[in-house]
Amino acid sequence: MGQLTYLALLVGCVVVTAPLELLLRVRVYARWRRLLLAVVPEFVVFVVWVLYAIAEGHWDYSGERTLGLRLPGGIPVEEVLFFLVVPLCAVLALEAVRKVTGWDAGYPSPDDSPGSIAARNERGADRGAESGTGIEEAER
Amino acid sequence: MNYSALAVLAVLGVLVVDLVVYRTRMVTRKVFWAAYAIIVTFQLLMNGVLTGLDVVVYDPDTIWGPRIAYAPVEDLLFGFAMVTLTLASWAAVNRRANTARRRGFETDTRPSSTR
């Protein structure tokens, strides 16, 4: 597969985990703003780590198995995508396990049960979001 | 600092973030370890391909030496730190959004993007 090797692996991760959203309805893609926010600390820390590792010569990337697109600091574009794709897959895995087992993860699930506080709040927030900006809107 | 030292430091740092900073306590939860068991299986697979095909090449002087599925054992620490930081942050973001909503506060986290 040559230069597409690394990219193909990343695409494979996304494709293999997509059924969790589509069939198991874990609502991770659906909560994409929260996902982006949750990925920020990981992304910053690990991109900085990789830049340091490249600068120090801890490891390097094959020019024949990557696209050859290097961003500032010498980090391949696939490596940057890696730090977005892997967290996405990890969160999908966590939500899938939670959905199947019902084990506590320390925060309410959006679909805990139809009558749960979390579920009611979810519906309430949805209505608020639809009518505008919520509280500020109501005060006006 | 070499890769080995950084990898150990990262694991310790992430444990502090999970247990003390966020207090999400993911590493104490069954759901986390069950998910991690699945994730680490796929990590070994993907990492094995990445290092087996020499997509990534390590400087022998910066690692301990032992390898699992072609990859230096340090990669397991790297992966653990990465996954744990992500899942603890995900838990923190969701808890914060849900708690704030229950109390009727607006937050800069959008209440729901699920429509």
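Read from the N terminus, the elements of chain A follow the order α-α-β-β-β-α-α-α. That gives chain A five helices and three strands in what is a predicted model. Of the 140 residues in chain A, 44% are buried. Among contacts in chain A with a separation of 6 or more, 55% are between residues 24 or more positions apart.

One pair of helices can be followed in detail. Two packed helices are described by the angle between their axes and the distance between the axes. In chain A, helix α1 covers residues 5–22 and helix α3 covers residues 77–101; their axes come within 10 Å and cross at roughly 20°. Because angles under 35 degrees count as roughly parallel, α1(A) is roughly parallel to α3(A). The crossing of α1(A) past α3(A) is left-handed.

The residues that make this contact come from both helices. On the side of α1(A) they are Y6(A), L7(A), L10(A), C13(A), V14(A), T17(A), L20(A) and E21(A). On the side of α3(A) they are E78(A), E79(A), L81(A), F82(A), V85(A), C89(A), L92(A), A93(A) and A96(A). Sorted by type, the residues of the contact of α1(A) with α3(A) comprise 13 nonpolar, one polar and three charged.

The contact includes two cysteines, C13(A) of α1(A) and C89(A) of α3(A). Are they bonded to each other or too far apart for a bond? Over all chains, the structure holds zero disulfides. For C13(A), which is in no disulfide, the nearest cysteine sulfur is that of C89(A), 4.9 Å away. A disulfide needs the two sulfur atoms within 2.5 Å, so the 4.9 Å between the sulfur of C89(A) and that of C13(A) is too far for a bond. Both cysteines count as buried, because the cut-off is under 20% relative accessible area: C13(A) is at 19% relative accessibility, and C89(A) is at 14%.

Is F46(A) buried or exposed? Its relative accessibility is 1%, so F46(A) counts as buried. Leaving aside residues up to four places away in sequence, F46(A) touches F83(A) in its own chain, and F78(B), A81(B), M82(B) and L85(B) in chain B. L69(A) lies 23 residues from F46(A) along the chain, and the C-alpha atoms of the two are separated by 19 Å.

Terms used:
Residues are numbered from 1 along each chain as its sequence is written. Chains are lettered from A and ligands numbered from 1 in the order in which they are written. This is a predicted model: local features need pLDDT of at least 70, side-chain atom pairs count only at pLDDT 80 or more; totals for chains, interfaces and linings use all residues. Side-chain values use heavy atoms; hydrogens and water are left out. Buried means under 20% relative accessible area, exposed over 50%, partly exposed in between (1.4 Å probe, protein chains only). Contact means heavy atoms within 4.5 Å. Axes are lines fitted to C-alpha atoms, for helices over the stretch in contact, and angles run from 0 to 180 degrees between N-to-C directions. Helices (H or I, at least four residues) and strands (E, at least two) are DSSP runs, numbered from the N terminus. Angles under 35 degrees count as roughly parallel, over 145 as roughly antiparallel, 65 to 115 as roughly perpendicular and the rest as oblique. A crossing is left-handed if the near helix is turned anticlockwise from the far one by less than a right angle, and right-handed if clockwise. Ala, Val, Leu, Ile, Met, Phe, Trp, Tyr, Cys and Pro count as nonpolar, Asp, Glu, Lys and Arg as charged, and the others, Gly among them, as polar.
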